[in-house]
Protein chains: 2
Amino acid sequence: MTQYRLEVRVKPRPGLLDPQGKAIHHSLNSLGWSGVDDVRVGKAIYIDMQAESADAALDAADVMCRKLLANPVTEDFEVSLVSEQEAATS
Amino acid sequence: MTQYRLEVRVKPRPGLLDPQGKAIHHSLNSLGWSGVDDVRVGKAIYIDMQAESADAALDAADVMCRKLLANPVTEDFEVSLVSEQEAATS
């Protein structure tokens, strides 16, 4: 078994309201960053897990997103591998 | 001016409590993913902005993180460039 660190990014679908992003957008404009056109806020979830292979870990994270981490109606998600290392013993 | 999309990932520092991550960790274990060892939850913030250059955009996002997006005491952040395209006219 190998230890993997995965990063999952969940973000609101384009076109859907994102009040938190709107609030940050206005704050940034107020602070003087007039070049900012849009802000969207999602979640970044870091998962440390053991799996047989990188593909198995990525597949598992994909299922986790569908079942728990993301709302499939309102959110999109992406999964990527951050790092891997041999587990000490298992 | 060029239009840039930046991704900012803000996450709780190692060692600091992350109740949301703990809750997800327990839920994943309950759902049968026993290989999950740890979960940390942060924010993924997508910023669309106009800037003179990619470096200028990244520097601006760095300052935004320090001033508004991240809590420097409890959170780490990373900024990366997702895409760039020429603004239509400005």
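Tutor: Let us begin with the terms: a residue is buried under 20% relative accessible area, exposed over 50%, and partly exposed in between, with a 1.4 Å probe and protein chains only. Helices (H or I, at least four residues) and strands (E, at least two) are DSSP runs, numbered from the N terminus. This is a predicted model, in which local features need pLDDT of at least 70 and side-chain atom pairs count only at pLDDT 80 or more, while totals for chains, interfaces and linings use all residues, and side-chain values use heavy atoms, with hydrogens and water left out. Residues are numbered from 1 along each chain as its sequence is written, and chains are lettered from A, and ligands numbered from 1, in the order in which they are written.

Student: Which residues of H2(A) are buried?

Tutor: What covers the buried residues of H2(A) includes strand E1 (2-12), E2 and E3 of chain A, together with H1 and strand E2 (36-51) of chain B; contact here means heavy atoms within 4.5 Å. The buried residues themselves are A:Ala57, A:Ala60, A:Ala61, A:Met64, A:Cys65 and A:Leu69.

Student: How many Å does H2(A) span between its end C-alpha atoms?

Tutor: The expected span of a helix is 1.5 Å times one less than its number of residues. A straight helix of 16 residues would therefore span 22 Å. Between its end C-alpha atoms, H2(A) spans only 20 Å.

Student: What arc around the axis do the buried residues of H1(A) cover?

Tutor: The buried residues of H1(A) are A:Gly21, A:Ile24, A:His25 and A:Leu28. The arc is that of the directions from the helix axis to the C-beta atoms. These residues lie on the same side of H1(A), because they cover an arc of only 105 degrees.

Student: Which exposed residues does the face of H1(A) turned away from its buried side carry?

Tutor: On the buried side, the cover includes strand E2 (36-51) of chain A together with helix H2 (54-69) of chain B. The face turned away from that side carries the exposed residues A:Pro19 and A:Ser30.

Student: Which residues of H2(B) make the contact with H1(A)?

Tutor: H1(A) and H2(B) pack at an angle of about 110 degrees, with their axes 11 Å apart; axes are lines fitted to C-alpha atoms, for helices over the stretch in contact, and angles run from 0 to 180 degrees between N-to-C directions. That makes H1(A) roughly perpendicular to H2(B), since angles under 35 degrees count as roughly parallel, over 145 as roughly antiparallel, 65 to 115 as roughly perpendicular and the rest as oblique. H1(A) brings A:Ile24, A:Ser27 and A:Leu28 to the contact, and H2(B) brings B:Met64, B:Leu68 and B:Leu69.

Student: How many nonpolar residues does the contact of H2(A) with H1(B) have?

Tutor: Helix H2 of chain A and helix H1 of chain B pack at an angle of about 110 degrees, with their axes 11 Å apart. The contact is made by A:Met64, A:Leu68 and A:Leu69 of H2(A) and by B:Ile24, B:Ser27 and B:Leu28 of H1(B). Ala, Val, Leu, Ile, Met, Phe, Trp, Tyr, Cys and Pro count as nonpolar, Asp, Glu, Lys and Arg as charged, and the others, Gly among them, as polar. By class, the contact has no charged residues, 1 polar and, as nonpolar residues, 5.

Student: What is the relative accessible area of A:Leu28?

Tutor: A:Leu28 lies in helix H1 of chain A. Not counting residues up to four places away in sequence, A:Leu28 touches A:Trp33, A:Val36, A:Val39, B:Met64 and B:Leu68. A:Leu28 is buried, because its relative accessible area is 0%.

Student: Is A:Glu52 buried or exposed?

Tutor: A:Glu52 is found in the loop between E2 and H2 of chain A, and A:Glu52 touches A:Met1 and A:Tyr4, not counting residues up to four places away in sequence. Because its relative accessible area is 63%, A:Glu52 is exposed.
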